[in-house]
Amino acid sequence: QLEKARSYYQSVLKINGKHMQAQLALAQLAAQQGNDRAFMTWAEQAKRNNPNAFMPVNLLANHYLQNKQLDKALNEALIYQTDHPEEVAAKSLLARIYLAKGEPQQAKYYLQEVIDNRPKDIVHRMQMVQILASEGQSEDAMESVEQILSVDSVYLPALAAQVKLNISDKRYIKAEEQIEAIAESYPDSHVDKQLKGDLLAAQMQSDRALDAYEQAFAIARTPS
């Protein structure tokens, strides 16, 4: 009931014309209806009325990202981060934008800033792992994986990354052991079967790899 929702948010603004959450909600309603002009009007108004708030900037930057306007997204994030250099969320946003722009070195810089401020953060560490692995820096990537697992020893994305790194480095026995451990910890997951397929494919066992991938697909497409 979008029209009723819009009416309620507008009634909030009659009481408090600078109410940020109401303005952002109206922006999101406009986006849902494909009204880009209204979205920009409300989002910019929320940013203007709340110059120190990150939420309007984040909303605008994500809108630009979704529409492949990467330079505009970067501009929004950089201006905010310059004025709020200690804002960790802005650094996280910049890392995402630089990844989207295909600039991994800049992305790594801001990811490291986030990680340094949040020692137990595993999401940003995983992003770092993915960049390092894509660059062929397997030792550094493995070190980051181990740091994640020291925080959460059964974090599945990190366990999977560990296996993939071992496969890339031809440590097949170690990878096999880790896949078995994943199967024990996550018996209902398709991930161990998919990783088994990756391992067999790396060992040039195409038929067995295909069988493992088919098993993974059958599990993944089954609603839990």
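This is a predicted model: local features need pLDDT of at least 70, side-chain atom pairs count only at pLDDT 80 or more; totals for chains, interfaces and linings use all residues.
## Basis

Local features require pLDDT of at least 70 and side-chain atom pairs pLDDT 80 or more, whereas totals for chains, interfaces and linings use all residues. Residues are numbered from 1 along each chain as its sequence is written, and side-chain values use heavy atoms, without hydrogens and water.

## Packing of α2 and α3

Helices are DSSP runs (H or I, at least four residues), numbered from the N terminus. The axes (lines fitted to C-alpha atoms over the stretch in contact, with angles from 0 to 180 degrees between N-to-C directions) of α2 (residues 20-32) and α3 (residues 36-49) come within 7 Å and cross at roughly 160°. The two helices are therefore roughly antiparallel (angles over 145 degrees) to each other.

Contact (heavy atoms within 4.5 Å) involves M20, Q23, L24, L26, A27, A30 and A31 of α2, and A38, F39, W42, A43, Q45, A46 and N49 of α3.

## Salt bridges

The count is 10 salt bridges, each defined as a side-chain nitrogen of Lys or Arg within 4 Å of a carboxyl oxygen of Asp or Glu. One of them joins E76 and K47, with the closest N and O atoms 3.0 Å apart. E76 belongs to helix α5 (residues 70-83) and K47 to helix α3, so the pair ties together parts 29 residues apart in sequence. E44, K47 and E76 are linked in a network of salt bridges.

K91 and E113 also form a salt bridge, their closest N and O atoms being 3.0 Å apart. This pair links helix α6 to helix α7, with K91 and E113 22 residues apart.

Terms used:
Angles under 35 degrees count as roughly parallel, over 145 as roughly antiparallel, 65 to 115 as roughly perpendicular and the rest as oblique.
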